[in-house]
Amino acid sequence: MSATSTLALVAADSPASVGAVATALTALVDGGAAPLQIGELEDWAFVFRNADYLIGGALMTVGLTVASILLGFLVGFPAGAVETYGEGLPKRLVESVGVVLRGTPIVVILVFMYFVLGVPSIDLGVVTLSGAVMSGILGLGLRSAAYQSQIFRATLGSVDDGQLEAARAVGMSQLEAIRHVAVPQALRRSVPGFQNEFTIVLKDTSIVFAIGLAELLTRSYDLFVERTTAVLEVIIFISAIYFVLTFTTNRALDYLGEYYAIPGGESA
Amino acid sequence: MSDADSNPDADANADADANDAAESGDRDYLRVADISKWYGDEQVLDDVSFEMDRGDVTVLIGPSGSGKSTMLRCVNRLAEAQEGEIFLDGEEVTAPDVDVDELRREVGMVFQDFNLFAHLTALDNVALGPRRVLDLSEAEADERAHAQLERVGLADQTDSYPAELSGGQKQRVGIARALAMEPKLMLFDEPTSALDPELIGEVLEVMHDLVADGMTMLVVTHEMSFARAVADEIVFLDEGRVVERGPPEQLFDNPEKERTARFLDRIASHD
Ligand SMILES: Nc1ncnc2c1ncn2[C@@H]1O[C@H](COP(=O)(O)OP(=O)(O)OP(=O)(O)O)[C@@H](O)[C@H]1O
Ligand SMILES: [Mg+2]
């Protein structure tokens with residue numbers, strides 16, 4: 001991800017940070033006159049002085065991502081099953097909600113959750129999740145559910161009907177056949193789709209700035225504004241964090257996929 | 001209805017079946033009476049009737065699309081007949097209030113394409129039904145699965161996954177999976193049609209063993225020498241109708257209907 005494209009994205013998404021971006025861009029252009037100095041020691045020192053602040057943002061990013069992916073799975077998996085095996089009203093209802101959630105910009109969903117629904121805060125004992133955080137989790141989580149349901153619809157549907165019929169033929173109910181035969185195979189085939197979805201949610205968490213939350217990317221804008229000469233250093237630093245997060249998660253899912261791979265392949 | 005869980009030793013059970021078969025006289029263990037079925041406007045079964053005694057082997061033959069698979073599938077209610085009745089061991093299979101899951105525990109089915117569970121080992125393929133449907137303990141189900149895999153000659157392949165097995169081995173796992181439920185009746189839908197010729201023998205051999213054990217079997221197959229060797233009755237279906245039925249000697253050597261003779265000629269010239 002290049003620095004300018006990130007900035008362009010930010011500028012398009014957020015009227016609030018247009019000022020910050022403009023300043024940052026000016027800094028980049030000015031720096032261009034005297035060649036860009038990525039290794040400027042003072043700027044790196046600035047980044048590391050603020051590392052705590054950025055890492056705090058990274059924790060927010062990770063927390064929102066994990067919670068949203070989990071919620072997305074818990075809601076999206078049954079939804080995918082209903083779309084695959086259901087019929088009539090339940091199926092049409094789930095499909096329609098999915099279409100709406102996938103068709104609405106995430107900013108709108110978040111704003112709706114926070115300002116319109118006014119999702120309340122909850123006290124988990126150890127931590128209290130503010131209304132904004134809860135809105136973020138619900139908004140990102142439900143939208144992820146709408147996408148995850150499509151992953152599972154495709155993978156459940158790809159399990160050969162003959163196997164389900166064989167399960168029915170030994171006397172399993174439809175639900176048992178789905179649970180013991182289709183689901184274990186569909187989950188294995190869902191790993192690549194799941195990797196994509198994880199990466200998308202991770203990056204989309206930045207949009208919670210629209211409801212006043214400051215995760216990794218939003219916090220990095222704050223730093224641009226404070227020290228316009230350190231834009232590139234900040235971007236390199238947060239890109240490294242994003243890279244570590246996506247890389248480790250994708251590798252972990254690769255490993256999971258290999259661990260559970262069916263010996264000899266999937267043909268039956 | 002189920003006496004399946006009382007005795008994990010299937011061979012002993014089958015012997016008992018064979019004795020019962022010798023004693024009972026009426027051919028009404030399986031009774032298919034005037035079955036008709038339509039898919040949309042197309043009638044695929046037209047007044048089909050035949051009966052089987054316990055321990056009988058009946059072979060359904062007929063050209064492609066004549067309704068053989070559909071007839072088998074009506075017996076375990078994977079397909080629903082619109083008219084007629086089917087009785088198994090005195091109980092009406094086609095009654096609207098029959099618990100189909102319970103019925104299917106007692107009727108084993110073997111498929112042309114094996115339909116093994118791709119994510120499970122041979123052992124788990126066979127043990128899944130006993131575990132989930134018969135509620136046997138893990139150990140009992142595994143023991144039963146082992147015994148059935150041994151019966152089909154796969155004692156040393158219990159840990160193999162379907163993709164690691166040859167077609168003949170897959171089909172034998174498929175047979176063991178059906179047998180592990182200790183069914184009253186086994187349905188075979190062209191069990192050797194998807195196999196390379198050199199693998200057909202091992203599957204037929206297992207089926208021969210089942211016949212010897214006294215299993216009641218309704219078989220769709222094009223293996224005429226197998227049919228001739230083991231069938232008590234051959235039923236020839238064409239366009240959803242029973243054209244002719246009778247013992248193999250009669251039907252194969254002296255068919256009454258011209259249609260039957262033509263079909264047999266065509267099959268013979270293919271071999
Ligand atoms: N699910 C279905 N929906 C609609 N038509 C069907 C269905 N299953 C079978 N048929 C039709 O019913 C007729 C009988 O099919 P069936 O599969 O029972 O024949 P078969 O004798 O087993 O043929 P084959 O030797 O090719 O297996 C065919 O015309 C087939 O197209
Ligand atoms: Mg068929």
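Predicted model: local features only at pLDDT ≥ 70, side-chain atom pairs only at ≥ 80, totals over all residues.
**Entry 1: chain A as a whole**

I began with the make-up of chain A. I found 12 helices and 2 strands. Reading from the N terminus, I wrote down the order α-α-α-α-α-α-β-β-α-α-α-α-α-α. I then looked up how much of the chain is buried: of the 268 residues in chain A, 43% are. Next I took the contacts in chain A between residues with a separation of 6 or more, and noted that 77% of them join residues 24 or more positions apart.

**Entry 2: Gln148(A)**

I went to Gln148(A), which sits in helix H7 of chain A, residues 131–158. Is Gln148(A) buried or exposed? Its relative accessible area is 0%, so I put it down as buried. I then asked which residues Gln148(A) is in contact with, leaving aside neighbours within four places in sequence. The list reads Ile69(A), Gly72(A), Phe73(A), Gly76(A), Phe194(A) and Glu197(A). For Ile69(A) I have a distance as well: its backbone oxygen is 3.3 Å from a polar atom of the Gln148(A) side chain.

**Entry 3: Val159(A)**

I moved on to Val159(A), in the loop between H7 and H8 of chain A. With a relative accessible area of 2%, Val159(A) falls under the 20% limit and therefore counts as buried. Which residues does Val159(A) touch, not counting those up to four places away in sequence? I noted Ala182(A), Gln185(A), Ala186(A) and Arg189(A). I also looked up the distance from Val159(A) to Ser190(A), which is 31 residues away along the chain. Their C-alpha atoms are separated by 12 Å.

**Entry 4: where chain A touches chain B**

I turned to the contact between the two chains. On the chain A side 25 residues take part, and on the chain B side 27. The area buried between them is about 2,100 Å², and carbon and sulfur atoms give 61% of that.

How many salt bridges are there between chain A and chain B? The count is 2. One that I looked up joins the side chains of Glu165(A) and Arg73(B), with 2.9 Å from N to O.

Which elements of chain A give two or more residues to the side that touches chain B? They are helix H8 (161–169) and helix H9 (174–189). H8(A) gives the most, with 7 residues. By type, I sorted the chain A side into 10 nonpolar, 9 polar and 6 charged residues.

**Entry 5: a sheet in chain B**

In chain B I traced an open sheet of 4 strands in the order E2-E1-E4-E5, with antiparallel pairing. Which are its edge strands? They are E2 (42–52) and E5 (91–92), and each pairs on one side only. Strand E1 of chain B, residues 30–39, is joined to E2(B) by 7 bridges, and the two run antiparallel.

**Entry 6: a parallel pair in chain B**

I then followed strand E6 of chain B, residues 107–110. It is joined to strand E7 (residues 185–189) by 4 bridges, and these strands run parallel. Within this pair, Met109(B) has Leu187(B) in E7(B) as its bridge partner.

Which way do the residues of E6(B) point? Val107(B) and Met109(B) point one way, while Gly108(B) and Val110(B) point the other way. I noted that all of them are buried. In a regular strand, side chains alternate between the two faces of the sheet.

**Entry 7: two positive phi angles in chain B**

Last, I checked backbone angles. Most residues other than glycine have a negative phi. Arg77(B) is not a glycine, yet has a positive phi of about 65°. I placed Arg77(B) in the loop between helix H2 (68–75) and strand E4 (83–88) of chain B. Its relative accessibility is 9%, so Arg77(B) counts as buried.

Asp89(B) also has a positive phi, of about 50°, and is not a glycine. I found Asp89(B) in the loop between E4 and E5 of chain B. At a relative accessible area of 31%, Asp89(B) is partly exposed.

Terms used:
Residues numbered from 1 in each chain as written. Chains lettered and ligands numbered in written order. Heavy atoms only, no water. Contact = heavy atoms within 4.5 Å. Buried area = accessible area lost by both parts, 1.4 Å probe. Salt bridge = Lys/Arg side-chain N within 4 Å of Asp/Glu carboxyl O. Nonpolar A, V, L, I, M, F, W, Y, C, P; charged D, E, K, R; others polar. Pairing = 2+ DSSP bridges. Buried < 20%, exposed > 50% of the residue type's maximum accessible area, 1.4 Å probe, protein only. Polar contact = N/O pair within 3.5 Å; in protein donor to acceptor, adjacent residues only side chain to side chain.
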